[in-house]
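Welcome! Have the sequence and the model at hand, and try each task before you read its solution.

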Amino acid sequence: MTRYWGRREFIRAALAGAGALAASAAVPQASRSNGVVVREFHRTAAATEIEVGPLGRRAIWTYDGRYPGPEIRVREGERLRIVVENRLPEPTTVHWHGVPVPNAMDGVPGLTQEAIAPGASFTYEFDASPAGSYMYHSHQGVQIDRGLAGALVVEERSPHVPYDRDYTLVLDDLLPGDPPDIASGSGGMRGMGGGMMGRGGGMMGGEGGMMRRRGGAMMGMAGMSALGIPDYLALLVNGRPPADPPAFDVKRGERVRLRLLNPSGATTYRVAIAGHRMRVSHADGRPVKPVEVDALEIGMGERYDVIVEARNPGAWAIAAAPLQGAPEPARAILRYVDTRRSAPPDGQEPDGLRRGSLLGLRDLEAIEPDDAAARADREVDLVLSGGMMSTAWTIGGQVYPDADLIEIRRGEWVRFRMRNMSMALHPMHLHGHFFRVGRAWKDTVLVPPHMGEASLEFRADNPGRWFFHCHNAYHMEMGMAREVRYVG
Ligand code: C2O
Ligand code: CU
């Protein structure tokens with residue numbers, strides 16, 4: 001046993017962004033102010049070279065030289081203060097994805113703050129509330145896809161589903177080098193502004209405009225598919241490639257909580273575990289009535305917490321296969337400490353990747369009281385389109401920042417109805433608020449391709465200027481975003 005646990009500690013230490021060691025090393029200070037515990041962290045963003053197992057040394061951008069960034073873990077009710085130092089060659093900001101922070105702490109350059117200049121620092125401070133699995137990441141350009149992302153966990157005081165052990169799995173897509181050059185593909189377009197797009201809205205308006213304008217030169221951008229997904233080198237779990245998967249040790253009989261986080265630049269995954277089902281306990285950090293499935297899909301920006309009952313000794317493959325995109329699945333290992341195997345049989349594929357029950361939005365039911373109005377005070381129809389022959393991704397045919405404001409008033413219930421006229425997946429994320437989708441609370445919702453629809457409702461209770469966008473970093477950068485502004 002001692003040997004195993006020694007190994008376990010070693011593994012935890014080796015896992016960037018996960019485990020107790022990471023968390024304790026990252027908590028240099030706690031103080032009290034008016035009886036509230038304030039936890040202070042520092043994060044330095046810098047261009048780094050990092051060893052990614054058999055993939056060798058890669059030039060990526062990191063927080064504190066680690067990839068993913070070191071996990072920030074605090075308890076519900078505490079206050080977070082994070083000093084961010086920018087040693088990158090360009091400006092940056094940090095966004096606390098999912099946490100309903102005050103507007104000025106939201107980290108959206110040009111909207112909630114001026115970007116942090118190279119050499120400068122900025123201090124973010126906000127209440128770590130409510131409890132949940134969140135992420136922190138750069139919100140400048142496509143920096144998130146260079147490696148600037150990490151887990152942010154706020155532990156609940158009394159979890160609604162008990163568990164014995166808690167692991168964080170950060171799913172990420174690794175570029176072979178610098179991100180595809182969006183500017184060369186669409187810089188001219190963005191410079192020309194939305195006027196060229198036509199304001200007709202809808203797919204035909206938007207894409208028709210693009211096609212006319214770009215004439216014969218309608219091709220995908222170098223290094224990127226027509227769906228707006230770069231040609232990634234590999235898909236990783238906690239910074240480790242499939243050939244060198246991280247192992248998560250469990251003891252027989254334990255209930256293991258896995259926090260699945262997706263800060264990927266452009267990859268949506270189907271996740272399954274060989275030999276085990278998953279009991280989904282949280283969607284985007286919000287507690288739900290536990291629902292058992294064989295697999296779930298997780299889009300960029302989404303988080304799911306699942307409980308796995310360790311009742312099937314062995315070493316089992318955890319796999320996350322891309323729904324769109326070419327790389328082989330991201331991999332990890334669920335390993336019982338008292339098993340003789342240290343790795344699953346070669347090529348083991350969880351059945352759930354191809355069959356079995358798949359979590360649906362309709363399966364999610366919040367345990368929190370539902371005070372949503374039956375009728376929204378304001379309804380906004382949003383048509384999502386782009387891709388194919390065009391290099392723009394649009395909402396209502398408009399390319400942010402040349403796009404209409406969505407104006408709302410404090411106290412209203414607001415409903416967004418989204419329709420996806422493109423072939424790509426669009427995980428749509430609203431800053432500063434949780435929204436209701438079906439019977440659950442989330443902050444990011446995956447709108448399926450090919451006429452897929454989703455609608456969300458939120459109470460306007462956090463005044464400011466908030467970003468609403470697709471969490472595919474390239475779709476966002478190429479226009480699929482809006483500002484939601486309180487005007488009263
Ligand atoms: Cu993860 Cu605009 O955010
Ligand atoms: Cu998108």
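The exercises below move from the whole protein to single residues.

This is a predicted model, where local features need pLDDT of at least 70 and side-chain atom pairs count only at pLDDT 80 or more, while totals for chains, interfaces and linings use all residues. Residues are numbered from 1 along each chain as its sequence is written, chains are lettered from A and ligands numbered from 1 in the order in which they are written, and side-chain values use heavy atoms, with hydrogens and water left out.

**Exercise 1. The overall picture**

Find how many helices and strands the protein has, and what share of its residues is buried.

Step 1: Begin with the secondary structure, where helices (H or I, at least four residues) and strands (E, at least two) are DSSP runs numbered from the N terminus. The protein has five helices and 31 strands.

Step 2: Turn to burial, where buried means under 20% relative accessible area, exposed over 50%, and partly exposed in between (1.4 Å probe, protein chains only). Of the 488 residues, 60% are buried.

Step 3: The protein exposes about 18,300 Å², and 50% of that comes from carbon and sulfur atoms.

Step 4: Finish with contacts (heavy atoms within 4.5 Å). Among contacts with a separation of 6 or more, 76% are between residues 24 or more positions apart.

**Exercise 2. The copper site**

Work out which residues coordinate the copper ion (ligand 2).

Step 1: Search for donors, which are N, O and S atoms within 2.8 Å of the metal (3.2 Å for Na, K and Ca); water is not among the atoms, so sites may look incomplete. His426 (ND1), Cys470 (SG) and His475 (ND1) coordinate the copper ion (ligand 2) at 2.0 Å.

Step 2: Read the donor spacing along the sequence: H-x43-C-x4-H. His426, in strand 25 (residues 426–430), and Cys470, in strand 30 (residues 465–470), are 44 residues apart and link distant parts of the chain.

Step 3: Check burial for these two: His426 and Cys470 are both buried.

**Exercise 3. Salt bridges**

Count the salt bridges in the whole structure, then explain what the pair Arg43 and Asp64 ties together.

Step 1: Apply the criterion, a side-chain nitrogen of Lys or Arg within 4 Å of a carboxyl oxygen of Asp or Glu. The search finds 42 salt bridges.

Step 2: One of them joins Arg43 and Asp64, with the closest N and O atoms 3.4 Å apart. Arg43 lies in strand 2 (residues 36–51) and Asp64 in the loop between strand 3 (57–63) and strand 4 (69–75), so the pair ties together parts that are 21 residues apart in sequence. Arg43 is buried at 2% relative accessible area, whereas Asp64 is partly exposed at 35%.

Step 3: Another joins Glu368 and Arg286, with the closest N and O atoms 2.5 Å apart. Because Glu368 lies in the loop between strand 20 (330–336) and strand 21 (378–386) and Arg286 in strand 16 (residues 286–293), the pair ties together parts that are 82 residues apart in sequence. Glu368 is partly exposed at 27% relative accessibility, and Arg286 is buried at 6%.

**Exercise 4. Backbone details**

What is the peptide bond from Ser129 to Pro130, cis or trans?

Step 1: The bond from Ser129 to Pro130 is cis, with omega near -5°. Pro130 is in the loop between strand 7 (121–127) and strand 8 (132–138).

Step 2: The bond from Tyr400 to Pro401 is also cis, with omega near 10°.

Step 3: For a positive phi in a residue other than glycine, see Asn238, near 50°. Asn238 sits in the loop between strand 11 (234–237) and strand 12 (247–250) and is buried, with a relative accessible area of 2%.

How values were computed. Accessible areas come from the Shrake-Rupley method with a 1.4 Å probe; for residues, only the protein chains shown count as cover.
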